[in-house]
Structures are given as C-alpha cells and as structure tokens.
Amino acid sequence: MRLFKSILILIVLFNVTFSQTAEIYFSGVDLENNTVDIMYDSPEPLGGAQFDVTGAELTDASGGEASSAGWTVSTSSTTWLGFSFSGAVLPSGLNTLTTISFAPTGEEMCLQGVVFSDDGGSTLD
C-alpha cells in the first residue's frame, strides 16, 4: 500500500510539473468604454497566440505583454493573432496578453478557437 501511495504521488507531481495547459480569459471589463483585458495563464513562455471573439466585433487591440515584447499583432473583426518575427516570447505565469476594444453584437461575448504556441512553434494544450 505504501508503494502504491508513493507511485501515485509521483504520478500526480509529474502531471502537475509537466502540464502544458495554458488558459485564457476576460478580466477588467469596462462597459462604458467597451474594453476588456485578455489574460493568459501559462506554465511556459508563449511564442504565439490566436483567439476568436464571438458576440462582439474587435475594433482595436493594444497593450499587455504582447505589446511589451514587441509582438506583431494582427486583428480582424473577430480574430486576434500575435507572434514575433524575432522570436520574442511572453513570460509564463498569469499576465495580461492584450487589451481589446469591442462593439457588442450579441448578448454574450466569448473567446473561442484559442491557440497558444511555445517558443518552438509547438501548440500548447
């Protein structure tokens, strides 16, 4: 039984230590100015990111770690894409990716089609 507990603890530690899961969410919604911070939480530095917004039209994007790192950022009315031609990465941990301005088009605004990549271009889950 003791060996089983030790193995189970090692498996849990291995999974937590080597987890590649990155998360993205809204924070600091300002409905007066129609802006919202896009936050990310990643165990690894980010080499690129992309997401779609539903329920709103993107009108601008600026600031955050993407701007600080000098990333090239491209937006359409529904998609945000950021990366660096020079290989600059965004720090791991909980950070502001960017701040978007939007025009509401529905009842709810959601993030979909999220893709994060590491500094080698591999997709993070």
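Predicted model: local features only at pLDDT ≥ 70, side-chain atom pairs only at ≥ 80, totals over all residues.
## A first walk through the structure

**Around Ser-84**

Is Ser-84 buried or exposed? Its relative accessibility is 15%, and buried means under 20%, so Ser-84 counts as buried. Its side chain makes a polar contact of 3.0 Å with the side chain of Ser-86. The side chain of Ser-84 also reaches the backbone nitrogen of Gly-87, at 3.1 Å. Leaving aside residues up to four places away in sequence, Ser-84 touches Gly-47 and Trp-71.

**Strand S7 and its partners**

Which strands pair with S7? One of them is strand S2 (residues 35-42), which runs antiparallel to S7 over eight bridges. Within this pairing, Ile-38 has Thr-98 in S7 as its bridge partner. Strand S4 (residues 56-62) pairs with S7 too, again in the antiparallel sense, over six bridges.

**Aromatic pairs**

How many aromatic pairs does the count give? It comes to two aromatic pairs. In one, the ring centres of Phe-51 and Trp-80 lie 5.2 Å apart with their planes at 10°, so this pair is stacked. The pair links distant parts of the chain, with Phe-51 in strand S3 (residues 48-54) and Trp-80 in strand S6, 29 residues apart. In the other, the rings of Phe-83 and Phe-85 have centres 5.0 Å apart and planes at 75°, so the pair is edge-to-face.

| Residue | Relative accessibility | Class |
|---|---|---|
| Phe-51 | 0% | buried |
| Trp-80 | 0% | buried |
| Phe-83 | 28% | partly exposed |
| Phe-85 | 71% | exposed |

**The whole chain**

Stepping back, the protein chain has two helices and nine strands. Read from the N terminus on, its elements follow the order α-β-β-β-β-α-β-β-β-β-β. The chain has 125 residues, and 26% of them count as buried. Among contacts in the chain with a separation of 6 or more, 70% are between residues 24 or more positions apart. Finally, the accessible surface of the protein chain is about 7500 Å², and 53% of this belongs to carbon and sulfur atoms.

Notes: Residues numbered from 1 in each chain as written. Heavy atoms only, no water. Buried < 20%, exposed > 50% of the residue type's maximum accessible area, 1.4 Å probe, protein only. Polar contact = N/O pair within 3.5 Å; in protein donor to acceptor, adjacent residues only side chain to side chain. Contact = heavy atoms within 4.5 Å. Pairing = 2+ DSSP bridges. Helix = DSSP H or I, 4+ residues; strand = E, 2+ residues; numbered from the N terminus. Areas by Shrake-Rupley, 256 points an atom, 1.4 Å probe, with all protein chains shown as cover. Phe/Tyr/Trp six-rings, centres within 6.5 Å; stacked < 30°, edge-to-face > 60°.
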